[in-house]
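Okay everyone, thanks for coming. Let's have a look at this one together.

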Amino acid sequence: MVNEIYIRTEDDPYYVDVLDHGNIVEKIISKVRVILGTEPGDVLANDQFGVDIEYLVFRTKIDSTELEEKINDAFTVYMGDTGGIQVTSGVSFGHGTGGSDYAVIDIYLNGVKTAGYLVSKD
């Protein structure tokens, strides 16, 4: 399960859930959600689109650097126009209480942490 962990509150001016944002940062974050939330093979006519995050985190022995590369490669290929904003990821793995493993994927826009996602089995 992939959960967004740096979420907006209801009093945030960008809280409204719309399909098309006027703000480039909001457009980028929406694209990130789609790329991370889509498994390869789910998009008709483009079976390579997306990143199989849960598979990579829980069913392989991939390290954080390799996972970052896969995510960043997907951003490069599928992000499209970012208005000159560089989009990158940072990944860290951890062990929660009770023995459950998890990954945190931070999203950076021009080097500033802007969003984060928690990938866990729960």
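So, is Thr88 buried, partly exposed or exposed? Thr88 is partly exposed, at 23% relative accessible area; buried means under 20%, exposed over 50%, and partly exposed is in between, with a 1.4 Å probe and protein chains only.

Quick housekeeping. This is a predicted model, where local features need pLDDT of at least 70 and side-chain atom pairs count only at pLDDT 80 or more, while totals for chains, interfaces and linings use all residues. Residues are numbered from 1 along each chain as its sequence is written, and side-chain values use heavy atoms, leaving out hydrogens and water.

Back to Thr88, which lies in strand β2; helices (H or I, at least four residues) and strands (E, at least two) are DSSP runs, numbered from the N terminus. Leaving aside neighbours within four places in sequence, Thr88 is in contact (heavy atoms within 4.5 Å) with residues including Asn72, Phe75 and Tyr108.

Now Thr82, in the loop between α3 and β2 (87-95). Thr82 counts as buried because its relative accessible area is 14%. With neighbours within four places set aside, Thr82 is in contact with Ile24, Ile28 and Val87.

Over to Glu66, in helix α3 (residues 64-78). Glu66 has 38% relative accessibility, so it counts as partly exposed.

Last stop: Asn110, in the loop between β3 (101-109) and β4 (112-120). Its phi is near 50 degrees, a positive value in a residue other than glycine. Most residues other than glycine have a negative phi.
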